[in-house]
Amino acid sequence: MTATELMQPDEQSTRTKSLVRVLARTLGIRLLGVLAILLVISFLTFSLVYLAPGDIVKNLLGNRPTSPEAVAAIRAQYNLDDPFLMRYFDWILNALRGDFGESIRLQQPVTTVLSARLGYTFALMSLSFLVALVVAIPMGVLSAEREGRASDRLASTLSLVGLSAPSFALAILLLYLFAMLIPIFPAYGGGSGGLDTLWHLTLPAVALAAGIGAILMRMTRAAVLRELQSDAITFARARGLPERDIRFIALRAAAIPIVTSAGLILTFIVGGTIIVETVFALPGIGSLLQEAVLFKDIPVVQAITLLVAALIATITIVVDMSYLLFDPRVRAKELNK
Amino acid sequence: MKTSSPPNKRTRRFFGVAIAATAALVLSACSSGASPAEDEAPADLVDSGQGIETVKVAFPGSLANLYIGQESGILNYYLAANVQEGLVSLDSEGKFVPGLATEWEMTDDSTYVFTVREDAKFHNGDTVTPEDIVFSIEQAADPVASPGTSFYLQGMASAEVTGDNEITVKTENPNASFLTNLSNVGALVVTQQAFWEEHDGKVGTSNSLLMGTGPYAVTEFSPDSHVVLDRVDTWWGEQPPVEQIRIDFIPDENTRLLAAQKGDIDIAFNVPLKQANSWQDISEGRVDAVNDLSYAGLLFDHEVAPFDDPNVRAAIATATDSEAIVEKLLHGYGEVATSIMTPESLSQVYDADAARDVLSNLPHHSFDMDRAKELLEDSSAADGFTTELTYPNTGPQLGTAAQSIAENMKQLGVTINVREVPIEEWLATIGDGEHGLGFMWYFSTTGDPAEVSSYLLGAGNDSHFDSAEAQRLIAESDAALDPADRVNILLQLEEENHKNTHTSPLWWGQSLTYFSNEIGIKDFSPFTFLGAWGPQLYAAE
Amino acid sequence: MTPPKITPRTRMISITGKTKKKRMDLTVLLSGVGLAIVFIVAAISPLLIEAATKQSILDALLPPGSPGHLLGTDELGRDVLLLTLAGTGSAIVGPVVIATGSMLLAIIFGTLAGYLGGTVDAIIGRIVDVLLSLPVMLLAIVVAGIFGAGYWVTVTLLVILFSPSDIRIVRAGVTEQVPRPYVEAAQMLSLSRARIMYRHIVPNVWPLIFANLMLNLGIALVTLSSLSFLGIGVAPGTPDWGRQIADGRSVMADNPAMLLIPALLIVLVTMAINLLGDHLSERLRERGIQ
């Protein structure tokens with residue numbers, strides 16, 4: 001019997017209400033923090049891209065003779081002669097109004113450009129995350145429960161290989177194996193939507209999932225193992241609880257580190273997409289970002305960095321909030337503040 | 001590729017091709033030493049006369065915008081050539097042929113009168129009016145609307161509709177290369193005024209696409225992914241056999257190779273030279289090499305010490321083993337350049353062999369390490385120096401050439417740090433006043449003999465030197481309306497360049513194109529992809 | 001149905017864990033020996049660079065097994081075996097610097113945040129948040145562009161980008177230690193805060209730090225080679241495994257060894273690092289128990 005179960009009904013509802021209040025307060029503070037972070041990041045990337053080598057005029061005109069009028073026209077169009085800070089403030093004022101500007105490279109509104117790409121990257125990320133979760137967590141749990149046995153050793157070896165093989169090497173290997181030798185998967189491109197896209201994204205997703213899955217598997221294994229060996233479990237065993245319940249207790253306690261690491265690996269996926277998208281010629285955010293950085297296409301770089309940063313920040317918040325749901329100790333601490 | 005032939009016939013054809021390819025392998029094994037371009041005995045391709053549903057093409061890089069006035073890379077020109085037309089076009093020998101103008105004449109030194117084709121229609125079915133053409137010329141000349149092409153039309157004085165089907169264009173001064181600029185390989189791709197205004201001038205994006213008069217219309221464009229061209233029934237020419245051309249952008253060269261090996265690609269543009277063997281090994285296809293009108297050379301910034309010293313420049317040029325570079329690093333796909341002008345650019349005056357003779361007789365720095373040593377000892381940098389040489393990631397052959405040059409210069413006490421940079425960053429290093437040594441890598445679209453040399457040696461060049469003599473020769477060549485006179489003047493310009501080593505030619509390039517053996521192409525030449533090449537494709541058997 | 005009270009996780013000094021029989025695994029032994037060899041080669045690799053970068057265009061793209069070139073040559077006629085050996089330096093040195101560097105940062109700042117708490121914790125926490133929200137690849141591309149794609153620039157950047165998650169880990173470890181009696185005892189003795197943090201607490205989180213150090217070493221090796229695969233961090237012509245793989249892909253048909261050998265080496269070395277890391281951290285933990 002837990003403390004909560006001993007409480008009177010109205011006492012419990014007060015606690016639930018205060019939990020909601022605490023949650024809202026924490027969330028509010030965190031969201032403000034995120035806004036501040038996004039502001040800092042927007043300035044940081046803006047100045048980095050501004051300082052980066054390359055010249056928008058040359059990028060637009062290419063390697064050919066040009067007239068001074070054309071150069072002047074471009075400089076005027078993109079306000080290249082304005083001081084740095086002024087250009088930044090111009091950008092941020094427009095961004096605050098929801099106008100993220102127009103891509104210099106693609107001559108289209110940033111929102112149009114992004115929405116055309118987000119689908120692929122989002123599908124790739126979700127698919128590889130899903131693959132990693134579905135394979136790694138059960139494998140980690142099983143591995144922990146059968147610590148030292150053959151299945152554990154096999155799973156650990158697999159995760160070791162996954163952890164040690166760079167995703168680009170894996171991508172190349174998968175391409176040669178499953179697109180060339182046994183040609184069951186396409187070699188490039190994002191497909192034409194629906195199932196076809198899923199088909200095209202399978203190999204890239206697996207290449208991306210291997211590394212993160214390996215990390216997740218190891219974390220899961222370690223967390224479950226730790227719980228299985230904890231005093232609580234020893235105590236539960238001593239009380240003669242059925243193995244099923246013991247397993248539940250251990251898993252529930254292990255959930256926190258697993259969720260944390262799952263959140264962390266989501267941020268790895270975001271970085272890993274660039275390489276995988278390059279090798280598989282996928283028209284996603286990663287390749288767009290790479291092109292945009294090289295082209296000094298500031299509006300696009302800004303939009304993507306902020307989007308990614310916001311995404312990562314959201315994941316972090318969700319992960320931290322999940323402590324409250326999973327861990328009674330953290331919940332108690334927050335409530336007693 | 002999908003052909004509309006019955007399946008059993010396809011199987012039979014496949015075997016035929018396989019046997020032909022095996023024969024080709026045996027042949028190439030016997031003929032070692034022959035230039036690689038001849039290695040692949042072309043399977044005897046015969047036009048089956050059948051239609052083709054889709055031809056799948058791979059481009060080595062993405063296009064960001066389809067309008068050449070906005071983005072003017074060589075791939076943009078290749079694509080636009082199927083979709084839009086200029087007043088005139090180039091045939092497979094580089095000679096002018098009718099485009100949207102059926103005929104033209106020069107009424108005086110600086111006046112061109114064009115008769116507009118009456119049966120020309122836009123893809124939406126509207127008839128092309130002379131007003132549309134004049135509007136397109138004006139947009140192409142406008143630095144804001146068309147930053148990529150406005151340079152070429154700077155010398156234009158006026159463009160007017162002068163009759164029902166007549167347009168008159170005047171230049172400010174006599175200009176021998178002006179007609180080129182009114183073709184699709186120069187600055188003019190005709191579009192409809194109403195279409196342009198509807199999209200507020202933002203044409204060529206994935207939303208607005210293009211409006212043209214060519215044999216194919218763009219129906220889908222997704223940057224970094226693909227572009228789809230569909231055959232139209234509005235073109236004035238004969239209906240081409242290929243219904244659809246789907247172009248995929250596959251920047252990663254190995255993914256591209258893999259896709260071709262799987263049979264996913266019918267035509268691949270610009271096969272990397274170092275991968276030539278792998279592409280040739282694909283049994284269902286062939287690799288054709290043609291001179292691509294490209295020029296590669298060393299660029300010196302005359303305002304950056306020690307490159308202000310002609311002896312330093314000459315020393316580097318002399319220490320460059322162009323023959324070995326072409327033979328070993330370009331795998332023979334190219335020619336040692338003795339001038340800035342390519343042999344093809346002389347095609348209005350000389351045939352291919354005569355042009356090579358003339359150009360090889362020009363004075364040039366031939367490889368000689370001892371001579372290079374003397375030149376350097378005679379210079380302001382006798383004790384050696386250190387410099388950086390950057391090359392674009394899209395030109396790995398420039399990188400290997402750079403490393404070979406660096407290796408030779410090391411023996412003379414000169415350290416050259418070779419650095420690969422993204423093409424965008426490389427563009428910015430050209431003429432930045434910091435990089436004394438650099439590459440010039442230029443793909444000519446027009447095949448005009450003065451296109452590159454006037455850019456490299458004329459006023460406002462990226463080497464930051466002012467040569468009165470060079471500028472005089474360029475002006476003289478512009479005014480020389482007789483092609484032979486013009487080439488003579490330009491040859492003098494080459495000698496002037498050699499005397500001062502303003503810039504040092506390395507090689508004239510070749511491009512490799514991969515074709516599936518189910519696809520044939522008529523009249524494959526350096527100029528093929530600069531004209532409407534879709535109609536040139538046929539189903540082979 | 002949960003037990004009335006969940007004891008704080010006390011893994012490191014717990015005696016309830018099943019004591020496993022640890023034997024010197026053959027794989028661990030092999031990893032150790034292999035890594036030792038790789039580290040020695042890495043140490044002497046600067047001496048090999050001169051010979052490795054010797055070009056001979058006439059001998060370009062020889063297949064593996066050619067006389068005088070066991071693994072063949074690359075497109076500039078350089079010996080692939082020598083190149084691979086010389087490339088060990090940039091493959092190993094950078095990751096070692098990255099792993100130790102980011103761990104040092106983590107020990108300093110993580111301990112500060114975890115022990116002092118309050119404003120210091122908040123400031124460090126926010127900085128960590130900012131760093132964690134940066135897309136690593138983007139920064140690497142941009143920064144490498146600005147500073148000229150140098151190896152050490154990339155390494156320094158990775159040190160900084162690796163540190164935030166390390167700081168979080170160390171902070172968490174230290175936070176766990178703070179309520180312990182020995183810390184209270186040290187405070188009662190009015191030892192200086194620096195002394196308590198770095199002499200008393202840090203040694204207790206050492207197993208955590210060490211396990212993470214080895215994990216980072218492996219990840220750094222993979223990350224650095226991924227970046228050089230993309231052409232970031234090493235100049236062309238420099239012997240480097242990632243670079244060699246990128247170059248080797250396009251000449252796969254002529255000399256497959258150019259791609260396969262460095263790729264295999266990256267995987268094997270990383271595996272050895274991870275295996276050894278697992279083993280050593282296990283041992284450290286056991287020693288912590290006694």
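Here are some numbered notes on this predicted model, to read with the structure in view.

1. Let us start with confidence. The predictor gives the complex an ipTM of 0.77 and a pTM of 0.79. For chain C, the mean pLDDT is 79, and 83% of the residues reach 70 or more. Within chain C, helix H2 (residues 80-116) has the highest confidence, with a mean of 91, while helix H4 (residues 136-147) has the lowest, with a mean of 64. Please take care with residues 1-22 of chain C, where the pLDDT is below 50. That stretch still has 28 contacts in the model beyond near neighbours in sequence. Where pLDDT is low, the predicted coordinates should not be read in detail.

2. Now look at chain A as a whole. Its secondary structure consists of 14 helices and zero strands. What does that mean for its overall form? The radius of gyration of chain A is 25 Å, whereas the globule rule gives 20 Å for 337 residues, so the chain is more spread out than a compact globule. Its C-alpha trace spans about 85 × 60 × 35 Å along the principal axes. Buried residues make up 45% of the 337 residues in chain A. Of the contacts in chain A with a separation of 6 or more, 73% are between residues 24 or more positions apart.

3. One helix pair in chain A is worth a look. Two packed helices are described by the angle between their axes and the distance between the axes. For helix H6 (residues 110-145) and helix H9 (residues 195-228) of chain A, the angle is about 35° and the axes are 5 Å apart. The crossing of H6(A) with H9(A) is right-handed. The residues in this contact comprise 23 nonpolar, six polar and one charged.

4. Chain B has another make-up, with 17 helices and 20 strands. Does its radius of gyration agree or disagree with that of a compact globule? Chain B has 24 Å, which agrees with the value near 24 Å for a compact globule of 541 residues. Along the principal axes, the C-alpha trace of chain B spans about 70 × 60 × 40 Å. Buried residues make up 57% of its 541 residues. Among contacts in chain B between residues at least 6 apart in sequence, 71% join residues at least 24 apart.

5. Next, find where chains A and B meet. Here 38 residues of chain B are in contact with 40 residues of chain A. On the chain B side, the elements that give two or more residues are helix H7 (253-261) and helix H14 (423-429). By class, this side of chain B has 16 nonpolar, 14 polar and eight charged residues.

6. Which residues of helix H15 (residues 450-457) of chain B are buried? They are Ala450(B), Glu451(B), Val452(B), Ser453(B), Ser454(B), Tyr455(B), Leu456(B) and Leu457(B). That is eight of the eight residues, so H15(B) is largely enclosed by the rest of the structure. The cover over these residues includes strand E13 (285-300), strand E17 (437-443), helix H16 (468-479), helix H17 (483-500) and strand E18 (503-516) of chain B.

7. Helix H3 (residues 74-83) of chain B is also largely enclosed by the rest of the structure, because eight of its ten residues are buried. Among them are Ile74(B), Tyr78(B), Leu79(B) and Val83(B). The buried residues of H3(B) pack against strand E9 (216-222), strand E10 (226-231), strand E11 (242-249) and E17 of chain B.

8. Why does Glu494(B) count as buried? Because 21 other C-beta atoms lie within 10 Å, and the cut-off for a buried residue is 20 or more. Not counting residues up to four places away in sequence, Glu494(B) touches Ser339(B), Ile340(B), Met341(B) and Leu362(B). From Glu494(B) to Leu457(B) the C-alpha to C-alpha distance is 9.5 Å, although they are 37 residues apart in sequence.

9. Finally, chain B has some backbone details to check. The peptide bond from Ala305(B) to Pro306(B) is cis, with omega near 0°, and Pro306(B) lies in the loop between E13 and helix H9 (310-318) of chain B. Leu209(B) has a positive phi of about 55° although it is not a glycine. Leu293(B), in strand E13 of chain B, has a positive phi as well, near 65°. Leu293(B) is buried, with 28 other C-beta atoms within 10 Å.

Technical notes. Residues are numbered from 1 along each chain as its sequence is written. Chains are lettered from A and ligands numbered from 1 in the order in which they are written. This is a predicted model: local features need pLDDT of at least 70, side-chain atom pairs count only at pLDDT 80 or more; totals for chains, interfaces and linings use all residues. Axes are lines fitted to C-alpha atoms, for helices over the stretch in contact, and angles run from 0 to 180 degrees between N-to-C directions. Helices (H or I, at least four residues) and strands (E, at least two) are DSSP runs, numbered from the N terminus. A crossing is left-handed if the near helix is turned anticlockwise from the far one by less than a right angle, and right-handed if clockwise. Ala, Val, Leu, Ile, Met, Phe, Trp, Tyr, Cys and Pro count as nonpolar, Asp, Glu, Lys and Arg as charged, and the others, Gly among them, as polar. Two residues are in contact if their C-beta atoms, placed from the backbone, lie within 7 Å. The radius of gyration is taken over C-alpha atoms; the globule rule is 2.2 Å times the number of residues to the power 0.38. A residue is buried if 20 or more other C-beta atoms lie within 10 Å of its own, exposed if 12 or fewer, and partly exposed in between; C-beta atoms are placed from the backbone. pLDDT is the predictor's confidence in each residue, from 0 to 100.
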